[in-house]
Amino acid sequence: MVDSDALKYSILKKEESQEVVDFLAQHFYPREPLVKTLHTVLSVLETAVDFFKCYQNVDRILELAMITVPEKMSGRGVGRRLVQESEHLACQQGCQLATSQATAVPSQKLLQRLGYESLYTLDYTTFEIAGERVFDVDKMLGTTSAKVMVHELKPEDKQLHSKE
Ligand SMILES: CC(C)(COP(=O)(O)OP(=O)(O)OC[C@H]1O[C@@H](n2cnc3c(N)ncnc32)[C@H](O)[C@@H]1OP(=O)(O)O)[C@@H](O)C(=O)NCCC(=O)NCCS
């Protein structure tokens, strides 16, 4: 069994972009409950919060997007490490805030466990596109909303976290 600490976490290179596309096609989109409406939801979330207005002391932000762990590797702390490693790198580059648009329960829970707070909630039960309800929440495995989540990065995040 692979342990999250045994893996190497690195920044992808441009020439690896096709590998990323293939990885997301295999591991992200099949598990993303929104699929066709994802981009509409994300565009609403994108404009829902003005981070620079909410956090006057912030001028550089990390945006976490499409965090994905292969299903057979899930539940072993890899997602947690991906977030922590990203925060660590962002902190080194002067970011004071991390944000994410979390569209389903697993990512919302993952971020919550790492101290993220929700700044905005989009309720899927009432969400409409062109005047029509688009989500059947009964089929969404317990997800009823999307959330804009934030975490203030502290200088100590420059040090790598140990497992919390
Ligand atoms: C979300 C995802 C990245 C989590 O990665 P992971 O490696 O399985 O997560 P971890 O083992 O690091 O778990 C960390 C925390 O996340 C939460 N979590 C992870 N998977 C969860 C699930 N299926 N349901 C509810 N909470 C979950 C738990 O709170 C867990 O902490 P705990 O076990 O101490 O309570 C992974 O499930 C995934 O790739 N999902 C499909 C794609 C997706 O939805 N990505 C997010 C889009 S923004």
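## Q84 and helix α4

Q84 counts as buried because 20 C-beta neighbours lie inside 10 Å; a residue is buried if 20 or more other C-beta atoms lie within 10 Å of its own, exposed if 12 or fewer, and partly exposed in between, with C-beta atoms placed from the backbone. The residue belongs to helix α4. Helices (H or I, at least four residues) and strands (E, at least two) are DSSP runs, numbered from the N terminus. Between Q84 and L114 the C-alpha to C-alpha distance is 8.4 Å, with a sequence separation of 30 residues.

This is a predicted model, in which local features need pLDDT of at least 70 and side-chain atom pairs count only at pLDDT 80 or more, while totals for chains, interfaces and linings use all residues. Residue numbers start from 1 along each chain as its sequence is written.

## Ligand shell

The ligand is surrounded by 22 residues, and the closest are S74, G79, R80, K109 and L110. A residue is near a molecule or strand if its C-beta atom, placed from the backbone, lies within 6 Å of it. Helices α4 (78-92) and α5 (105-113) each supply at least two residues of this shell. The most comes from α5, with six residues.

Sorted by class, the shell around the ligand holds 10 nonpolar, seven polar and five charged residues. Here Ala, Val, Leu, Ile, Met, Phe, Trp, Tyr, Cys and Pro count as nonpolar, Asp, Glu, Lys and Arg as charged, and the others, Gly among them, as polar.

## Helix α5

The buried residues S107, Q108, L110 and L111 are in α5. They line one face of the helix, because seen down the axis of α5 the buried residues fall within an arc of 165°, the arc being that of the directions from the helix axis to the C-beta atoms. K109 and R113 are exposed on the other side of α5.

The cover over the buried residues of α5 includes α4, β2 and β6. After α5 comes G115, with a positive phi near 95°.

## Nonpolar core

The largest nonpolar core has 19 residues, of which C95, A98, M149 and L153 touch the most other members. Such a core is a set of buried Ala, Val, Leu, Ile, Met, Phe, Trp, Tyr and Cys residues joined through C-beta atoms within 7 Å. Two or more residues of this core come from each of α4, β2 (97-102), α5 and β6 (145-152). The largest share is that of β6, with four residues.

Not counting residues up to four places away in sequence, C95 touches R60, I61, L62, A90 and L153. Two residues are in contact if their C-beta atoms, placed from the backbone, lie within 7 Å.

## Strand β6 and its partners

Seven of the eight residues of β6 are buried, so this strand is largely enclosed by the rest of the structure. Strands β2 and β6 pair in the antiparallel sense over six bridges; two strands pair if DSSP finds at least two bridges between them. Opposite Q101 stands V148 in β6.

Strand β3 (residues 117-123) also runs antiparallel to β6, and six bridges join them. L122 has A146 in β6 as its bridge partner.

## Loops

The loop between β5 (132-133) and β6 contains T143. T143 is partly exposed, with 19 other C-beta atoms within 10 Å. From T143 to S86 the distance is 25 Å, C-alpha to C-alpha, and the two are 57 residues apart in sequence. L141 is found in the loop between β5 and β6, and has a positive phi near 50° although the residue is other than glycine. L141 counts as exposed, with 11 C-beta neighbours inside 10 Å.

M66 is not a glycine, yet its phi is positive, about 50°. Most residues other than glycine have a negative phi. M66 is placed in the loop between β1 (61-64) and α4, and counts as partly exposed with 16 C-beta neighbours inside 10 Å.

## The segment before α1

Y9 lies in the segment before α1 (17-28). Y9 counts as partly exposed, with 14 C-beta neighbours inside 10 Å. Leaving aside neighbours within four places in sequence, Y9 is in contact with R81, L82 and E85. Y9 and L42 are 27 Å apart in space, C-alpha to C-alpha, and 33 residues apart in sequence.
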